[in-house]
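Here are a few friendly notes to read with the model open beside you. Please follow along residue by residue.

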Amino acid sequence: MWVFGYGSLVWKVDFPYERKLVGYVKGYCRRFWQGSEDHRGVPGKPGRVATLVPSENTQDCVWGVAYKIPAIEVERVRAHLDYREKDGYQTREVIFNPYPPSTDITTIRITVYIGTGDNPFFLGPAPDEEIAHQIFHAEGPSGRNVDYLLNLTHSLRTMIAPHAVDSHLSALEEKVKALSSSPSNEEVPEDQRHES
């Protein structure tokens with residue numbers, strides 16, 4: 001079993017694997033259109049996390065990581081990922097292209113978890129400013145939503161595909177960093193907070 005990581009699985013791997021390859025899948029775009037009430041938000045105040053949406057341009061691609069799961073661990077890892085991705089994600093089979101091309105593997109039929117548009121947590125498109133604002137202010141059991149975004153952009157830039165451009169991620173990163181530096185968004189020290 002091979003699993004494709006394009007969101008938190010790029011930088012937060014919590015299962016055993018025996019091989020890791022950098023590469024991409026074609027025909028999709030990565031978008032922060034999936035709501036998260038289980039990891040990066042809470043019910044009533046969801047965060048936004050990555051999903052894949054089909055692209056009309058078949059040359060579009062999403063960079064990420066392929067993990068080969070040892071045969072003895074497949075059942076356990078599948079159960080773990082089904083639980084981890086429980087809020088609206090379904091599995092699909094896609095073709096993964098290693099980069100640089102591997103000497104022993106040209107392409108891999110790989111499992112990917114996608115939050116499709118018909119799931120109850122799907123938030124869909126919105127202006128970048130609105131998505132960034134939601135990400136900046138959301139937090140859930142797995143931590144701040146903004147950390148999810150920044151860990152992903154950092155990992156892609158430094159470890160996965162420094163030559164690849166993801167304009168959606170870049171725009172969100174820029175807008176979230178602008179919110180971070182805005183005085184109106186600075187966190188008030190705990191000893192200076194007042195009950196209203």
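Which residue forms a salt bridge with Asp 38?

1. **The Asp 38 pair.** The partner is Lys 86, with the closest N and O atoms 3.8 Å apart. (A salt bridge here is a side-chain nitrogen of Lys or Arg within 4 Å of a carboxyl oxygen of Asp or Glu.) Asp 38 sits in the loop between strand 3 and strand 4, and Lys 86 in the loop between helix 2 (74–84) and strand 6, so the pair ties together parts that are 48 residues apart in sequence. Asp 38 is buried at 16% relative accessible area, while Lys 86 is partly exposed at 39%. (Buried means under 20% relative accessible area, exposed over 50%, and partly exposed in between, using a 1.4 Å probe and protein chains only.)

2. **How to read the model.** This is a predicted model, in which local features need pLDDT of at least 70 and side-chain atom pairs count only at pLDDT 80 or more, whereas totals for chains, interfaces and linings use all residues. Residues are numbered from 1 along each chain as its sequence is written, and side-chain values use heavy atoms, leaving out hydrogens and water. Helices (H or I, at least four residues) and strands (E, at least two) are DSSP runs, numbered from the N terminus.

3. **Other salt bridges.** The whole structure has 11 salt bridges. One of them links Lys 175 to Glu 129, with the closest N and O atoms 3.4 Å apart. Lys 175 belongs to helix 5 and Glu 129 to helix 3, so this pair ties together parts that are 46 residues apart in sequence. Shared partners also join Asp 14, Arg 84 and Glu 85 into one network.

4. **Helix 3.** In this helix (residues 128–137), Ile 131, Ala 132, Ile 135 and Phe 136 are buried. They cover an arc of only 130° around the axis, which puts them on the same side of helix 3. (The arc is that of the directions from the helix axis to the C-beta atoms.) Their cover includes strand 3 (28–36), strand 4 (47–54), helix 4 (145–160) and helix 5 (167–181), judged by contact, meaning heavy atoms within 4.5 Å.

5. **Strand pairing.** Strand 6 (residues 89–98) runs antiparallel to strand 2 (residues 19–26), joined by 3 bridges; here Val 25 partners Phe 96. Strand 6 also pairs in the antiparallel sense with strand 7 (residues 108–115) over 8 bridges, with Thr 91 partnering Tyr 113. (Two strands pair if DSSP finds at least two bridges between them.)

6. **Cysteines.** A search of the whole structure finds 0 disulfides (a pair of cysteine sulfur atoms within 2.5 Å). For Cys 29, the nearest cysteine sulfur is that of Cys 61, 9.1 Å away, too far for a bond.
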